[in-house]
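Let's work through a few exercises on a protein model together. Have the sequence and the 3D view ready, and try each task before you read its solution.

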Amino acid sequence: MSVQRVGVVGAGTMGHGIAQVFAAAGIPVVLQDTTAERAAAGIARISKNLDRLIEKEKMVASEKAVILTRLSATHDLQQMESVDLVIEAASENQAIKLELFRALDGICPAHAVLATNTSSISITKIAAATQRAERVIGMHFMNPVPVMKLVEIIRGMRTGDEVYRLVHGLTEKLGKVPVAVNDSPGFVANRILMPMINEAIFTLSENIATAEGIDAVMMLGMNHPMGPLALADLIGLDTCLAILEVLHEELGDPKYRPCPLLRKMVDAGLLGRKSGRGFYTYKT
Ligand code: NAD
């Protein structure tokens, strides 16, 4: 089976980036979100990303034009009826994902592979919402998608070998590096990253240093390219909280309990870059 057309569900932080890398690799993409405005905003973000590449002389205007012709935006999930692969990148919420996979299973052709970009939720559980568990897989891209090389490839309990090989090969065609990971809460990336981010938030809430101070320690002292609080803002504080809740609930260890300050900031709508304010303030 070859992938001629891809669907991306959810046009937010991750969805728009995933759509961009597929379109740049020559594969037509339909980008879907709950409203036509949100889906169109995803395409507008791609257009801006490509403008930055042109400014840096990494792309010419005619290439951008060709990439944009490969992208279409919609609010209508039914448009997934003609794709060979779907990558679901909707909000990190189990109920939303199970409902989407149930619906996609009914809409997509029988041969289509249904992949999820979930950061933490069980691939096995998501697959069980469909009648095609052997064609469901985790394809966990990193943020920002066009820049980051890693894709964690996660097999659910019933994911087939053929589907694994297809997704592994496709990831390499996108210029990314696939790493096989077993199905476990948070997989590898967030099992390790989120406790660090959570601890940074506890450190801030206990007034051990300022946000700038904490980030400076981790950048200058540990050689991290970005501090944990700036990274939390980039990921989205709502997404960080959702991932920590999955780790806490599924692994049952109190070390994963989300810091109360993180919860309070999410309640206040301070979600990081996507809302204009988190641990830092951003121009929206
Ligand atoms: P986001 O909040 O930026 O975007 C989520 C989008 O999903 C929104 O546009 C929302 O309208 C849309 N959405 C919600 N319900 C939907 C539905 N039923 N149908 C279609 N669209 C729907 O979130 P994000 O950061 O892009 O995260 C998306 C997924 O990617 C999550 O599973 C998250 O865990 C994962 N992820 C996030 C990061 C990160 O750094 N932000 C990294 C890797 C993976």
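Predicted model: local features only at pLDDT ≥ 70, side-chain atom pairs only at ≥ 80, totals over all residues.

Residues are numbered from 1 along each chain as its sequence is written, and side-chain values use heavy atoms, with hydrogens and water left out.

**Exercise 1.** Find helix H10 and compare its reach with the expected span.

Step 1: H10 covers residues 237–251, which is 15 residues. (Helices are DSSP runs of H or I with at least four residues, and strands are E runs with at least two, numbered from the N terminus.)
Step 2: The expected span is 1.5 Å times one less than the number of residues.
Step 3: From first C-alpha to last, H10 reaches 21 Å, close to the 21 Å expected.

**Exercise 2.** Name some buried residues of H10 and the helices they pack against.

Step 1: Buried means under 20% relative accessible area (1.4 Å probe, protein chains only).
Step 2: Among the buried residues are Leu-237, Cys-240 and Ile-243.
Step 3: The buried residues of H10 pack against helices H7 (189–205), H9 (228–235) and H11 (260–267).

**Exercise 3.** Describe how strands E1 and E2 pair.

Step 1: Two strands pair if DSSP finds at least two bridges between them.
Step 2: E1 (residues 6–9) and E2 are parallel, with 4 bridges.
Step 3: Val-8 has Leu-31 of E2 as its bridge partner.
Step 4: Val-29 and Leu-31 point one way from E2, Val-30 and Gln-32 the other way, and all are buried.

Note on methods. Buried < 20%, exposed > 50% of the residue type's maximum accessible area, 1.4 Å probe, protein only. Contact = heavy atoms within 4.5 Å.
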